[in-house]
Amino acid sequence: MSEYDHYSVEKKWQNNWEENKIFESEECYDKEKYYCLVMLPYPSGNLHMGHVRNYTIGDIFARFYKMKGRNVLHPMGWDAFGLPAENAAIKNRIPPAEWTKQNITRMKKQLKTLGISYDWNREVSTCDSGYYKWNQWFFIKMWEKGLVFRKTANVNWCPSCNTVLANEQVLNGTCWRCKNLTDHKELEQWFIKITDYADELLEGIKQLATKWPKQVLSMQKNWIGKSSGLEIDFKLTCTNKKLKIFTTRPDTIFGVAFVAISPEHKILDEIKFKITNYDEAFKYIIESKKKSSAKGSRNKEKTGVKIKGISAINPINAQQVPIFLADYVLSSYSSGAIMAVPAHDHRDWEFAKRYSIPFFEVIKNKNCSSIDREPYEGKGVLINSGQFNGINSNEALIIVSNWIEKHNLGKKTVNFKLKDWLISRQRYWGTPIPMIHCKNCGIVPLQEKNLPIILPKNIGLLGEVKSPLRTSKIFINVQCPKCGIDAKRDTDTMDTFVDSSWYYVRYCDAHNCNAVFDSVKVNYWMPVDQYIGGIEHACMHLIYSRFWYKVMRDMGIVKNDEPFSNLLTQGMVTLNGSAMSKSKGNIVCPDEMIQKYGADTLRLFILFAAPIQKQLDWSSEGVVGCRRFINRIWRLFNIIHVKSNVPASEKTKADILQLMHYTIKKVTNDIEKEFQFNTAISSIMELVNFLYIYNHHSNDDGISIMVYKTVVLLMSPFTPHICEEIWEMFGNKKSILSCPWPSYDRNLLKKKFIEIPIQINGKLKGKTIISVSDSENEIKKKLIKVKKFAEELENKQIIKFMYIKNKIVTLVVK
């Protein structure tokens, strides 16, 4: 048998799959569906190993469930709008559309060489007018429902990208895309009222509790940030103004030592003429604006400036307390002002200590520790709290709140950290906002029959602050659709997260020109059964998509509450412990690996080297090892047809059959329930090792061929090209994907095979599968024939061999 030629075999089967439309899917309403989806990729131009891992994981699920008899939908498309294309256009003087199209062509070709089973007939690209037309349609529908609005706001601004950013897109004071420091600007912008769905987004987390990673759900819960508490009015001296302050701890109100407000609080403009040290305060405000509100964390050094000339009045006891500007107060949370109780809050305590602000306890400290050393943040009995002394702090939360409401000093309320979604972007390469600004009629939506508003091609991209669309008179000058007078188009484009918030339903009816999609088709395929992507999208794409799907549900065009039933977040691929990066020069090119070792080898390594949820560190030796295993599978075809003259015992035949059924069960469970592809592959390797040891006896009644075919079927999701080739060599005319997934006999699994650890000279060297009936001599013979153990024992004398029944094998060698 000739050596395995991966190049010709892989090219052959990739052409075969495409010619026979093996991966194309259609609605089959009487058949159980399976919708497998990997997060929409940005067409950057070249696949990296992170892409390879992500897409291969999705392919395993798609191929596995197709063999399990499901009607599988496994589509792919492109998140094609965005700043990188526009910035590349400015830098290289090439239109963004042309740059994007070239990259899509390149990446699509690479994905095909990997053998990913995508239904390319459903391909979508968000920069196509046939797609973004429906972004505009959704925008108008949300405008009609009151979910879209426009207001002037202090917004996050990226000077490098020259555009506005949503709160979710500012990470530790930097732009999520370019990593440069962000600033703030007062601008009139478009918002979507995601806050209308804050409660439902939070409640929906319960539905996802067993199907999504706990870390993702925790991140979403914290980002939504629901807090029940009291909004209290603190009057300001020397003015007729009131400062609204939200607190979740009204039981500590007697302990207020000062009031802290965000340097961006709007009340500062209203009272600035009463502030006697306004120059000092203004200087601090300017310095603070260079820092992101997202940095208001417990670990950051807290700074502030005392406001002179004005104090705040505690409504519970009429005591005046100082006011401080403080950078640890989040402008984005509630009112942007807090009542500071240093004795019972760590951040307030740190600030008070720094600025020598006196404070005292109002909750009796059960630990009896000094509040000079640390604050007491626990529960207890109220002290120094007037008429509320002696009340348990849990009860006081209600009693004090009721008292404040009764005396019209505040009201009970619920707050969310989640803010409305700012979607305006002052860039070119995005969906034009379908609104017209008319002097008579105000802001008017474009009529639906005139959608889409096409993004003009001949635009000068200067990278300036203003939107490039403002430079096009042809684009901007229109007639009002309501009264007919001269009017202006809106020149902002939509946040590209709009594109990726609903693409998964467009795949279900990708070429519908008359509607956003056919609801019958969407309700057959949705929700997505398995969604795969990075955890970095937990508080952006995943929240936006959940929100958008609920809006579509309320529009009556989808029927479920959540878009993604199961979520898997894969770990990154690193080199020597560092993330692969062009700037670091530590990139491993997938094309080179495929050329040298084959796509199946690359797929096998990327799945076998580490659990898919964990970080994978690249290893050239590991790739070579995976290629050796593929060669072993290839050679078995010839070996099983050359029978030994030695007859097989019934025990030997029973052993290999039992191991085969054990392996089928383990691989099935590892794919279907555990998502442990590495252990699934390891168990198949054990079966292959046993098959080599088995020696293909003259009287095995076809067992060796049956086991080998099972190996090929089990390996086919992982290494589809070689398995298709071997399957054809057995005389099969149809694709291996048309063959049912192997089933196992439970009666053959009863404690007949176990996996035990092998220890050599005190060090664990791996595990192997043995029969529970194996003797010490039989185990010793098997170990010598297993490659990884044979290498350890080569040219060495076994001094001691110990087998603790069904527990461990220990060898001492020299």
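## Helix α7 and its packing

The buried residues of α7 pack against α6 (198-207), α15 (541-555) and β25 (567-569). This is a predicted model. Helix α7 covers residues 214-224, and its buried residues are V216, L217, Q220 and I224. Seen down the axis of α7, these residues fall within an arc of 95°, so they line one face of the helix. An α-helix has 3.6 residues a turn, so residues three or four places apart point the same way.

The face of α7 turned away from the buried side carries K214 and Q215, which are exposed. G225 follows the helix. The phi of G225 is positive, near 60°.

How many of the eight residues of β29 are buried? Six are, so the strand, residues 753-760, is largely enclosed by the rest of the structure.

Strand β29 has an antiparallel partner in β30 (residues 763-771), joined to it by eight bridges. Within this pairing, I754 has I770 of β30 as its bridge partner. The two strands form a hairpin with two residues between them. There, N761 takes a positive phi near 50°.

Strand β32 (residues 808-813) also pairs with β29. Here the sense is parallel, and three bridges make the link. Q759 stands opposite T810 of β32.

## Nonpolar cores

The largest nonpolar core has 189 residues. Which residues have the most contacts inside it? They are F61, W421, Y504, M552 and W618.

Take Y504 as an example. Neighbours within four places in sequence are left aside here. Y504 is then in contact with Y35, L37, M526, V528, S545, Y549, M552, P563 and F564.

A second core is separate and has 38 residues. Among them are F254, I307, I310 and I404.

## A four-stranded open sheet

Four strands form an open sheet with antiparallel pairing. Their order is β20-β19-β22-β21. The edge strands are β20 (442-445) and β21 (477-479), and each pairs on one side only. Neighbouring strands of the sheet are turned by 40° against each other on average, with direction ignored.

Strands β19 (residues 435-438) and β22 (residues 486-489) pair in the antiparallel sense over two bridges.

Notes
Residues numbered from 1 in each chain as written. Predicted model: local features only at pLDDT ≥ 70, side-chain atom pairs only at ≥ 80, totals over all residues. Heavy atoms only, no water. Buried < 20%, exposed > 50% of the residue type's maximum accessible area, 1.4 Å probe, protein only. Arc of directions from axis to C-beta. Contact = heavy atoms within 4.5 Å. Pairing = 2+ DSSP bridges. Core = buried A, V, L, I, M, F, W, Y, C linked by side-chain atoms within 4.5 Å. Axes fitted to C-alpha atoms, helices over the stretch in contact; angles between N-to-C directions.
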